[in-house]
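This report goes through selected elements of one structure, from a helix to a sheet, a loop residue and a ligand site. The sequence and the structure come first.

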Amino acid sequence: MAELFEQLGFETNPLYERIIADILGKGYSIVDGFIPAQAVEILRTDLLEKYEEDHFKKAAIGNRTNEIVEAGIRGDFILWMDENLEDQSQKPFFERINDLVDYLNKTCFLGIIRKEFHYAVYPIGKFYKRHLDTFQNDDRRKLSVVCYLNEDDWKPEDGGELVLYLKPDNKEVPKTIYPLPGRTVIFESQLLEHEVKPAKRERLSITGWLKTR
Ligand SMILES: O=C(O)CCC(=O)C(=O)O
Ligand SMILES: [Fe+2]
(Lines give C-alpha, C1' and ligand atoms only; values in the text may rest on other atoms or scores of the structure.)
(Ligands and ions follow the chains in the order given, each with its own letter.)
Protein backbone atom coordinates (compact mmCIF):
# COMPACT_ATOMS: atom_id res chain seq x y z
CA MET A 1 0.00 0.00 0.00
CA ALA A 2 2.81 2.41 0.98
CA GLU A 3 4.38 1.91 -2.45
CA LEU A 4 1.14 2.64 -4.24
CA PHE A 5 0.71 5.79 -2.18
CA GLU A 6 4.24 6.81 -3.13
CA GLN A 7 3.46 6.42 -6.82
CA LEU A 8 0.37 8.53 -6.35
CA GLY A 9 2.41 11.21 -4.63
CA PHE A 10 0.55 10.54 -1.38
CA GLU A 11 2.55 10.69 1.79
CA THR A 12 1.62 8.27 4.53
CA ASN A 13 1.28 9.83 7.95
CA PRO A 14 2.44 7.49 10.74
CA LEU A 15 0.21 9.09 13.38
CA TYR A 16 -2.91 8.85 11.25
CA GLU A 17 -2.01 5.29 10.29
CA ARG A 18 -1.79 4.46 14.00
CA ILE A 19 -5.20 6.05 14.63
CA ILE A 20 -6.75 4.01 11.80
CA ALA A 21 -5.13 0.78 13.02
CA ASP A 22 -6.34 1.46 16.58
CA ILE A 23 -9.91 2.11 15.48
CA LEU A 24 -10.02 -0.94 13.22
CA GLY A 25 -8.40 -3.12 15.88
CA LYS A 26 -10.12 -2.04 19.10
CA GLY A 27 -12.71 0.59 18.19
CA TYR A 28 -10.92 3.60 19.64
CA SER A 29 -7.69 5.58 19.60
CA ILE A 30 -6.12 7.87 22.19
CA VAL A 31 -3.76 10.55 20.93
CA ASP A 32 -1.91 12.63 23.49
CA GLY A 33 -0.88 16.03 22.20
CA PHE A 34 -3.19 15.84 19.18
CA ILE A 35 -3.90 19.47 19.97
CA PRO A 36 -0.60 21.21 20.81
CA ALA A 37 -0.34 22.82 24.28
CA GLN A 38 -0.43 26.38 22.98
CA ALA A 39 -3.59 25.75 20.95
CA VAL A 40 -5.19 24.05 23.97
CA GLU A 41 -4.57 27.15 26.04
CA ILE A 42 -6.06 29.43 23.38
CA LEU A 43 -9.10 27.18 23.00
CA ARG A 44 -9.58 27.00 26.77
CA THR A 45 -9.50 30.80 27.03
CA ASP A 46 -11.99 31.07 24.16
CA LEU A 47 -14.29 28.49 25.78
CA LEU A 48 -14.18 30.15 29.21
CA GLU A 49 -14.81 33.60 27.76
CA LYS A 50 -17.90 32.35 25.94
CA TYR A 51 -19.03 30.36 28.99
CA GLU A 52 -18.72 33.39 31.24
CA GLU A 53 -20.64 35.49 28.69
CA ASP A 54 -23.46 32.96 29.10
CA HIS A 55 -23.43 31.62 25.53
CA PHE A 56 -23.67 27.99 26.65
CA LYS A 57 -26.88 26.05 27.16
CA LYS A 58 -27.74 22.95 29.14
CA ALA A 59 -26.94 19.94 26.98
CA ALA A 60 -29.88 17.84 25.87
CA ILE A 61 -30.33 14.27 24.78
CA GLY A 62 -31.81 13.43 21.40
CA ASN A 63 -30.77 15.10 18.18
CA ARG A 64 -30.76 18.81 17.45
CA THR A 65 -34.38 18.86 16.34
CA ASN A 66 -35.64 16.70 19.17
CA GLU A 67 -33.94 17.85 22.33
CA ILE A 68 -34.85 16.95 25.89
CA VAL A 69 -32.84 18.24 28.83
CA GLU A 70 -32.39 15.39 31.31
CA ALA A 71 -30.22 16.36 34.27
CA GLY A 72 -30.27 12.74 35.50
CA ILE A 73 -28.59 11.62 32.28
CA ARG A 74 -26.21 14.46 31.51
CA GLY A 75 -25.34 17.67 33.30
CA ASP A 76 -22.92 19.42 30.98
CA PHE A 77 -23.32 22.77 29.23
CA ILE A 78 -22.49 23.08 25.55
CA LEU A 79 -21.90 25.62 22.81
CA TRP A 80 -21.90 24.49 19.18
CA MET A 81 -18.84 25.70 17.27
CA ASP A 82 -19.14 27.15 13.78
CA GLU A 83 -16.09 26.70 11.57
CA ASN A 84 -17.48 29.23 9.07
CA LEU A 85 -17.19 32.05 11.59
CA GLU A 86 -13.41 31.65 11.23
CA ASP A 87 -12.85 32.31 14.90
CA GLN A 88 -9.06 32.69 15.15
CA SER A 89 -8.89 30.75 18.43
CA GLN A 90 -10.63 27.77 16.85
CA LYS A 91 -8.83 27.82 13.50
CA PRO A 92 -5.86 25.57 14.43
CA PHE A 93 -8.32 23.06 15.88
CA PHE A 94 -10.41 22.85 12.71
CA GLU A 95 -7.26 22.69 10.56
CA ARG A 96 -6.06 19.72 12.58
CA ILE A 97 -9.44 17.97 12.30
CA ASN A 98 -9.78 18.69 8.58
CA ASP A 99 -6.32 17.30 7.90
CA LEU A 100 -7.27 14.08 9.69
CA VAL A 101 -10.63 13.89 7.87
CA ASP A 102 -8.92 14.34 4.48
CA TYR A 103 -6.57 11.52 5.33
CA LEU A 104 -9.37 9.22 6.51
CA ASN A 105 -11.35 9.92 3.37
CA LYS A 106 -8.37 9.24 1.11
CA THR A 107 -7.36 6.03 2.81
CA CYS A 108 -10.44 4.51 4.45
CA PHE A 109 -13.35 5.36 2.15
CA LEU A 110 -15.31 6.50 5.18
CA GLY A 111 -17.07 9.21 3.19
CA ILE A 112 -17.04 11.82 5.90
CA ILE A 113 -18.64 14.91 4.49
CA ARG A 114 -19.97 16.60 7.58
CA LYS A 115 -18.79 17.29 11.04
CA GLU A 116 -20.21 18.92 14.12
CA PHE A 117 -18.36 20.04 17.22
CA HIS A 118 -19.29 21.68 20.46
CA TYR A 119 -17.48 23.02 23.48
CA ALA A 120 -18.55 21.35 26.71
CA VAL A 121 -18.28 22.32 30.36
CA TYR A 122 -19.03 19.81 33.11
CA PRO A 123 -19.47 21.80 36.33
CA ILE A 124 -18.43 20.09 39.58
CA GLY A 125 -20.60 17.03 40.25
CA LYS A 126 -21.87 16.71 36.68
CA PHE A 127 -21.62 13.59 34.53
CA TYR A 128 -22.99 11.91 31.42
CA LYS A 129 -24.48 8.47 32.03
CA ARG A 130 -23.64 5.51 29.84
CA HIS A 131 -24.86 6.04 26.28
CA LEU A 132 -24.23 5.54 22.57
CA ASP A 133 -23.62 8.63 20.39
CA THR A 134 -26.25 7.74 17.82
CA PHE A 135 -29.92 8.54 17.57
CA GLN A 136 -32.85 6.42 16.52
CA ASN A 137 -33.26 6.52 12.73
CA ASP A 138 -30.02 8.45 12.31
CA ASP A 139 -26.79 6.59 11.70
CA ARG A 140 -24.79 9.45 10.23
CA ARG A 141 -22.37 9.76 13.12
CA LYS A 142 -19.41 7.51 12.32
CA LEU A 143 -16.63 8.68 14.59
CA SER A 144 -16.84 10.51 17.90
CA VAL A 145 -13.95 12.84 18.70
CA VAL A 146 -13.32 14.27 22.17
CA CYS A 147 -10.49 16.73 22.90
CA TYR A 148 -9.79 17.78 26.45
CA LEU A 149 -9.03 21.38 27.34
CA ASN A 150 -8.40 21.00 31.07
CA GLU A 151 -5.62 22.71 32.97
CA ASP A 152 -2.14 21.15 32.93
CA ASP A 153 -2.41 20.07 36.57
CA TRP A 154 -5.49 17.87 36.02
CA LYS A 155 -5.17 14.83 38.32
CA PRO A 156 -6.92 11.44 38.45
CA GLU A 157 -8.64 12.57 41.69
CA ASP A 158 -10.34 15.35 39.70
CA GLY A 159 -12.67 12.69 38.28
CA GLY A 160 -14.50 13.23 35.00
CA GLU A 161 -13.02 10.07 33.49
CA LEU A 162 -14.32 8.89 30.15
CA VAL A 163 -15.13 5.18 30.39
CA LEU A 164 -15.42 3.24 27.15
CA TYR A 165 -17.22 -0.09 27.42
CA LEU A 166 -15.20 -2.30 25.12
CA LYS A 167 -16.51 -5.67 24.04
CA PRO A 168 -13.63 -7.84 22.89
CA ASP A 169 -14.92 -11.39 22.37
CA ASN A 170 -18.34 -10.24 23.61
CA LYS A 171 -17.00 -9.80 27.13
CA GLU A 172 -17.37 -6.30 28.57
CA VAL A 173 -14.13 -4.57 29.49
CA PRO A 174 -14.30 -0.97 30.75
CA LYS A 175 -11.45 1.30 29.64
CA THR A 176 -10.91 4.39 31.79
CA ILE A 177 -9.43 7.48 30.15
CA TYR A 178 -8.39 10.61 32.06
CA PRO A 179 -9.31 13.93 30.44
CA LEU A 180 -5.78 15.29 30.17
CA PRO A 181 -5.23 18.54 28.22
CA GLY A 182 -4.42 18.03 24.54
CA ARG A 183 -5.50 14.39 24.71
CA THR A 184 -7.93 13.38 21.98
CA VAL A 185 -10.03 10.24 21.95
CA ILE A 186 -11.57 9.00 18.72
CA PHE A 187 -14.02 6.10 18.72
CA GLU A 188 -16.73 4.42 16.72
CA SER A 189 -19.95 6.28 17.47
CA GLN A 190 -22.26 3.40 16.66
CA LEU A 191 -20.42 0.68 18.52
CA LEU A 192 -18.94 1.96 21.74
CA GLU A 193 -21.10 2.72 24.74
CA HIS A 194 -19.39 5.15 27.08
CA GLU A 195 -19.93 7.46 30.03
CA VAL A 196 -18.40 10.47 31.74
CA LYS A 197 -17.90 9.98 35.48
CA PRO A 198 -18.78 12.87 37.82
CA ALA A 199 -16.30 15.72 37.55
CA LYS A 200 -14.83 16.84 40.85
CA ARG A 201 -13.44 19.97 39.23
CA GLU A 202 -14.80 21.98 36.29
CA ARG A 203 -14.09 19.83 33.23
CA LEU A 204 -13.57 21.38 29.79
CA SER A 205 -13.62 19.73 26.37
CA ILE A 206 -14.56 19.79 22.73
CA THR A 207 -16.77 16.94 21.55
CA GLY A 208 -17.70 16.27 17.98
CA TRP A 209 -18.72 13.82 15.34
CA LEU A 210 -17.48 12.99 11.87
CA LYS A 211 -20.53 12.16 9.81
CA THR A 212 -21.63 10.80 6.49
CA ARG A 213 -24.33 12.89 4.74
O1 LIG B 1 -16.37 14.30 27.31
C2 LIG B 1 -16.25 13.09 27.11
O3 LIG B 1 -15.27 12.45 27.53
C4 LIG B 1 -17.32 12.36 26.34
C5 LIG B 1 -18.55 13.21 26.04
C6 LIG B 1 -19.66 12.43 25.41
O7 LIG B 1 -19.73 11.24 25.53
C8 LIG B 1 -20.67 13.11 24.58
O9 LIG B 1 -20.75 14.35 24.60
O10 LIG B 1 -21.43 12.40 23.89
FE1 LIG C 1 -20.98 10.43 24.04
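The model described here is predicted.

## Helix α3

The exposed residues Ala37, Gln38, Thr45, Glu49 and Glu52 sit on the face of α3 that is turned away from its buried side. The buried residues of this helix are Ala39, Val40, Leu43 and Leu47. Viewed down the axis of α3, the buried residues fall within an arc of 100°, so they line one face of the helix. Their cover includes α4 (91-108), β4 (114-122) and β11 (203-211).

Helix α3 covers residues 37-52, and at 1.5 Å a residue its 16 residues should span 22 Å; the end C-alpha atoms are 22 Å apart, which agrees. Just after α3, Asp54 has a positive phi of about 70°.

## Helix α2

The same check can be made for helix α2 (residues 14-26): its 13 residues should span 18 Å at 1.5 Å a residue, and the distance of 18 Å between its end C-alpha atoms agrees. Gly27 follows α2 and has a positive phi, near 90°.

## The sheet

An open sheet is formed by 7 strands in the order β1-β9-β6-β11-β4-β3-β2, with antiparallel pairing. Its edge strands, β1 (28-31) and β2 (57-58), each pair on one side only. Strands of a sheet pair through backbone hydrogen bonds.

Lys57 stands opposite Ile78 in β3.

## Gly75

The loop between β2 and β3 contains Gly75. Is Gly75 buried or exposed? Gly75 has 21 other C-beta atoms within 10 Å, and is therefore buried.

Leaving aside residues up to four places away in sequence, Gly75 touches Tyr122, Lys126 and Phe127. Gly75 and Glu195 are 120 residues apart in sequence, while their C-alpha atoms are 12 Å apart in space.

## Ligand 1

The residues around ligand 1 are Tyr128, Asp133, Val146, Leu162, His194, Val196, Ser205 and Thr207. By class, this shell has 4 nonpolar, 3 polar and 1 charged.

Strands β10 (193-196) and β11 each supply at least two residues of the shell.

Note on methods
Residues numbered from 1 in each chain as written. Chains lettered and ligands numbered in written order. Predicted model: local features only at pLDDT ≥ 70, side-chain atom pairs only at ≥ 80, totals over all residues. Helix = DSSP H or I, 4+ residues; strand = E, 2+ residues; numbered from the N terminus. Expected span 1.5 Å × (residues − 1). Buried ≥ 20, exposed ≤ 12 C-beta atoms within 10 Å, placed from the backbone. Arc of directions from axis to C-beta. Contact = placed C-beta atoms within 7 Å. Near = placed C-beta within 6 Å. Nonpolar A, V, L, I, M, F, W, Y, C, P; charged D, E, K, R; others polar. Pairing = 2+ DSSP bridges.
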